[in-house]
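Subject: Structure handover

Hello,

Here is the structure you will be working with. Please open it and keep it on screen while you read my notes below.

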Amino acid sequence: MFEALVTEKDYKKIPSKCILTRGIKVKMSEVAVPVSYAAAFEGERVRREQLHVEFGGKASTAFEYLTAKSKEDEVEDGKFELIGPDIDQLPATSKSLPLAIIVDVYGRKMQKDFEPVLERQIHRFMNYAMGIMHVGQRDMKWVRISKDAFEKGFRLKHVGVILHAMLHQEYSAIVDKIQVKLYTKQEDIDKLLVAAKKTYEERDERISGMSDESVDTYYSCLLCQSFAPNHVCIVTPERLGLCGAYSWLDAKASFEITPTGPNQPILKGRTVDQRLGQWDNVNDFVKQRSNKTIDKVSMYSLMDSPQSSCGCFECIVAIIPEANGVMVVHRDYSGITPCGMSFTTLAGSVGGGVQTPGFLGVGKLYILSKKFILAEGGLKRLVWMPKELKELLGDKLRKCCQESGQPDLWDKIADETVATTSEELISFLTKVGHPALEMEALV
Ligand code: SF4
Ligand code: ZN
């Protein structure tokens, strides 16, 4: 239903007002960028030799943040601003810049709950451009632009062109206007990141009171099938998607926006195994959508039919048999871990959409979940994690440790300052009396 009578005295605003009032949806037919643009380029990597510039990862601070504005005149459709140097003005010896991508949208049908869903699409839309690589999300992202793309004329304004065109194209049902701002000066980024982080926290908070038992429906995510064709994420209130970008609420919102999209509701059905976290409808769904490569999936187990991993996991959980426990490592940790491998090496053997008992890609918030590898005994199995990750999870992790029935567990979890080999790890665990050493054998 649209208003019968609308007035607009500013003649410059009349066309956009008319479009909006009549409910006319803007569809962009082509994305006007100087490089090829298609879903086929999604899995493409930009290697160091081909690198023109990178943002985030280990190189600099980078984040992306999409919000809905409540007033129509707060958003000017198609507007793009770059505040700071472009990629043809790089400092002489540097191949990186900090980056904030700020997207404001307005839509009559837009809801606050839809924000994280739209924000997650930045990843996909940027990856569609040839020579542009986008990994991760929120303030854990990493973008690379290749020399080829740069030489063809790709500049930061094209990020605006892509996001504007694609959000209109795919989300016209909820979005009417889109404006994009990019910042490449550290002082701006530091300021803007404060607000963004607060919102990320609020989004995480909304789900933290919910349990798997409190719902009868979980959601799938099939978004990563474009590069891991058999991979299915099952998203439950207590276990988010392994990229960290899809909570159960986000998947639910995404289904409302696109009922035929990658996030489908799955009525759990009969419980097959409560300890492992298996339900018959979930198993059936996974079997069907993994192209019959995966028969069953345990939501709470690392060892018995664990979920498969695509490639975008925030963290990897890996078994350390000698310690009768598990370690967890996040993407930003570049050192060696006590299982003898770095994150990158581990990632190579975990990804691709196959089940690998003993190894699991997870979103970092799953570590704080009451359902974290519950079948193997939960958090008490955790023997090692990088210091940075421990600090990142901070007080929330301390609280979970206390609730695990082991009040001093936090101090007993080793990090790289005390152990980077399994021998060092065992000697530390023995010294502090880590509970994993006394638990039932993992293998
Ligand atoms: Fe969806 Fe899982 Fe891919 Fe995240 S990792 S986008 S939840 S399929
Ligand atoms: Zn993925």
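Start with the zinc ion (ligand 2): along the chain, its donors follow the spacing C-x85-C-x1-C. Keep in mind that this is a predicted model.

Which atoms coordinate the zinc ion? They are the SG atoms of Cys 224, Cys 310 and Cys 312, at 1.9 to 2.2 Å. Now find where two of these cysteines sit. Cys 224 is in the loop between β8 (217–221) and β9 (233–235). Cys 310 is in the loop between α7 (280–289) and β13 (315–320). The pair therefore ties together parts that lie 86 residues apart in sequence.

Next, zoom out to the domains. The domain assignment of the protein chain gives domain 1 (26–205) and domain 2 (212–438). Their C-alpha centres are 28 Å apart. How many residues does each domain bring to the contact? Domain 1 brings 20 residues, and domain 2 brings 21.

The area buried between domain 1 and domain 2 is about 1,800 Å². Carbon and sulfur atoms give 62% of that area. On the domain 1 side, look for Val 117, Arg 120 and Met 140. These residues lose the most area to domain 2. Together they make up 31% of what the domain 1 side buries.

What about polar links between the domains? Four residue pairs are in polar contact there, counting pairs with both residues at pLDDT 80 or more. The rule finds one salt bridge across the interface of domain 1 and domain 2. The side chains of Glu 201 and Lys 396 also meet in a salt bridge, at 3.9 Å from N to O.

Which elements of domain 1 give two or more residues to the side that touches domain 2? They are α2 (115–127), β5 (132–137) and α5 (186–208). The most comes from α2, with six residues. By class, this side of domain 1 has seven nonpolar, five polar and eight charged residues.

Last, the salt bridges of the whole structure. A search finds 23 of them. One joins the side chains of Glu 54 and Arg 144, at 3.0 Å from N to O. Glu 54 belongs to strand β1 (residues 51–56). Arg 144 belongs to strand β6 (residues 140–146). This pair links distant parts of the chain, 90 residues apart.

Best wishes

Terms used
Residues numbered from 1 in each chain as written. Chains lettered and ligands numbered in written order. Predicted model: local features only at pLDDT ≥ 70, side-chain atom pairs only at ≥ 80, totals over all residues. Heavy atoms only, no water. Domains from an automatic or database assignment. Contact = heavy atoms within 4.5 Å. Buried area = accessible area lost by both parts, 1.4 Å probe. Salt bridge = Lys/Arg side-chain N within 4 Å of Asp/Glu carboxyl O. Polar contact = N/O pair within 3.5 Å; in protein donor to acceptor, adjacent residues only side chain to side chain. Helix = DSSP H or I, 4+ residues; strand = E, 2+ residues; numbered from the N terminus. Nonpolar A, V, L, I, M, F, W, Y, C, P; charged D, E, K, R; others polar. Donors = N, O, S within 2.8 Å, 3.2 Å for Na, K, Ca; no water.
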